[in-house]
Amino acid sequence: MSGFLAGGLARNYVAGSWSEGDGGGTIAIEDPGKGEHFADAAQAGETSLAQALQAARASFERGDLADMKPSDRGRLMLRVAQEIRGLATEGADILCRESGKTLSAAHEEFEEAAQYFEYYGGVADKIEGKSIPLGPDYADYTVFEPYGVSAQVVPWNFPVSIAARSLAPSMAAGNSTIIKSPELDPLALAMLGMALERADVPAGAVSILCGLGSDIGAKLVASGEIDQIVFTGSVPTGQAILHAAAETVTPSLMELGGKSAAVVFEDADIDGVLNSLKSGIFYNAGQVCSAMARVLVHRSVYEEVVARAAELANGLSVGHGLDNPDHTPVVSAQQLSRVEALTSTARQDGARVAAGGARLDRAGYFMAPTILADVDPASRVAQEEIFGPVTCITPFDTEAEAIAAANGTEFGLVAGIFTRDLARSHRVARKLRAGQVFVNEWFAGGISTPFGGVGKSGFGREKGLEALYNYVRTKNIAILLKG
């Protein structure tokens with residue numbers, strides 16, 4: 001394949017061209033389903049970063065996107081969507097192998113990426129200001145302007161779709177963008193550069209760099225040459241980026257961790273709860289920031305939910321992502337060790353292991369689908385993000401108790417309610433500390449619904465029309481008409 005691969009080495013997309021990197025070596029990419037080396041990626045260094053920064057600034061100053069007629073910018077984004085779909089079959093195979101997720105989930109990720117470009121391409125010509133009445137002697141109005149150069153650091157759990165989630169509104173608003181891809185699985189995301197190239201996105205308007213977060217990522221956000229930072233990932237990394245952003249007073253958009261709770265009331269449809277649990281905690285091996293990591297269950301149905309959740313977990317098919325099983329590996333040996341260690345700590349703290357609880361004895365990085373019951377809401381496993389196929393189930397007796405437990409962490413990304421009582425769903429949803437609340441279906445919503453958290457889950461919103469306004473600045477213009 002031209003561009004993306006050269007001699008088996010995945011390259012960086014820098015200022016409209018493909019680079020073999022200057023970071024002093026390559027990054028080895030593993031297949032988590034086998035625990036084996038899969039491919040190599042060229043490591044971007046300071047020269048590549050400088051080229052990307054210079055090209056991004058020059059592209060913005062030329063107005064390559066910002067001065068493009070908005071309807072033309074929208075059509076450009078629709079071409080990007082078309083090119084993404086053209087690469088989806090090959091890209092999904094690569095994404096499956098480097099991330100461990102199922103082949104069908106990898107296809108869905110490319111499709112979702114295409115849909116982000118369609119959605120924001122459709123609103124590129126609808127970023128409208130307003131007129132403010134100051135009386136007959138004045139004309140006053142607002143306009144929305146792009147920030148300039150947006151630096152976006154993308155996580156490894158959904159690299160292609162999350163990159164598109166931020167890149168698409170950034171482009172729609174007229175910004176130039178530099179993406180730092182995740183070092184664990186950068187290959188499929190690099191293919192996004194091919195889609196941009198084939199769609200004739202202006203050179204320099206977007207660059208995609210692969211490198212270590214502690215190196216190229218840190219240098220990117222601390223460069224002082226960017227106008228906005230967008231980060232999705234862990235709280236500690238987000239805090240480090242915010243420290244760097246404070247030095248340059250750079251506006252930032254943060255989507256961080258979660259420890260989200262579902263509240264299951266006594267009148268809930270238990271079949272619906274179990275369907276949501278299957279996708280909510282076992283999709284992508286639980287490596288989802290908005291995973292159904294805690295389940296708070298009314299005591300009257302508690303043992304039924306625990307027993308059926310354990311039966312569900314024990315019945316999941318396990319295998320390599322290419323075979324589209326129910327359950328796939330976590331992304332790395334390090335991640336597997338962390339998930340298993342936290343699960344062991346939960347057992348020591350008094351949790352009951354209803355299913356799973358340890359790694360599986362097979363090649364690759366497989367953690368058994370795990371159900372922990374009788375979990376103390378104050379325990380470490382109920383407070384700390386696991387980012388693996390482990391959920392914690394806790395009983396409650398009153399609505400107030402459930403709300404207090406659901407809100408009882410430092411996070412506030414999403415939450416869920418399962419009840420047939422419409423009035424209760426509205427009442428409890430208003431009291432839950434979360435940026436998004438699902439009622440009777442975990443992951444309800446889509447590209448058009450705003451997403452983001454409170455507390456240590458971050459700030460700002462991605463997705464939906466609301467996200468678009470995170471990528472522009474408001475300017476007010478007041479004109480004296482007299483004299």
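Two strands pair if DSSP finds at least two bridges between them. Helices (H or I, at least four residues) and strands (E, at least two) are DSSP runs, numbered from the N terminus. This is a predicted model, so local features need pLDDT of at least 70, side-chain atom pairs count only at pLDDT 80 or more, and totals for chains, interfaces and linings use all residues. Residues are numbered from 1 along each chain as its sequence is written, and side-chain values use heavy atoms, with hydrogens and water left out.

Start with strand S16, residues 370–373. Strand S15 (residues 352–355) joins S16 through 3 bridges, antiparallel. Strand S17 (residues 390–396) also has 3 bridges to S16, but this pair runs parallel. Look at Leu-372 in S16. Val-353 stands opposite Leu-372, and in S17 its bridge partner is Cys-392.

What covers the faces of S16? Both are covered. Thr-370 and Leu-372 are buried on one side, Ile-371 and Ala-373 on the other. Buried means under 20% relative accessible area, exposed over 50%, partly exposed in between (1.4 Å probe, protein chains only). In a regular strand the side chains alternate between the two faces of the sheet.

Now the rings. Rings of Phe, Tyr and Trp (its six-membered ring) pair if their centres lie within 6.5 Å; planes under 30 degrees apart count as stacked, over 60 as edge-to-face and the rest as tilted. That rule gives 9 aromatic pairs. Take Phe-158 and Tyr-283: centres 6.2 Å apart, planes at 10 degrees, so stacked. This pair links distant parts of the chain, 125 residues apart. Phe-158 lies in the loop between strand S8 (149–153) and helix H4 (159–173), and Tyr-283 in the loop between helix H8 (270–282) and strand S14 (294–298). Phe-158 is buried at 14%; Tyr-283 is partly exposed at 30%.

Next, Trp-442 and Phe-443. Centres are 6.5 Å apart and planes at 70 degrees, so this pair is edge-to-face. Trp-442 is buried at 3%, while Phe-443 is partly exposed at 29%.

Charges next. A charge sits over a ring if NZ of Lys or CZ of Arg is within 6 Å of the ring centre and within 35 degrees of the ring normal. Arg-362 sits over Phe-366, 4.5 Å from the ring centre.

Last, Leu-134. Its place is the loop between helix H3 (103–121) and strand S7 (138–146). At 46% relative accessibility, Leu-134 is partly exposed.
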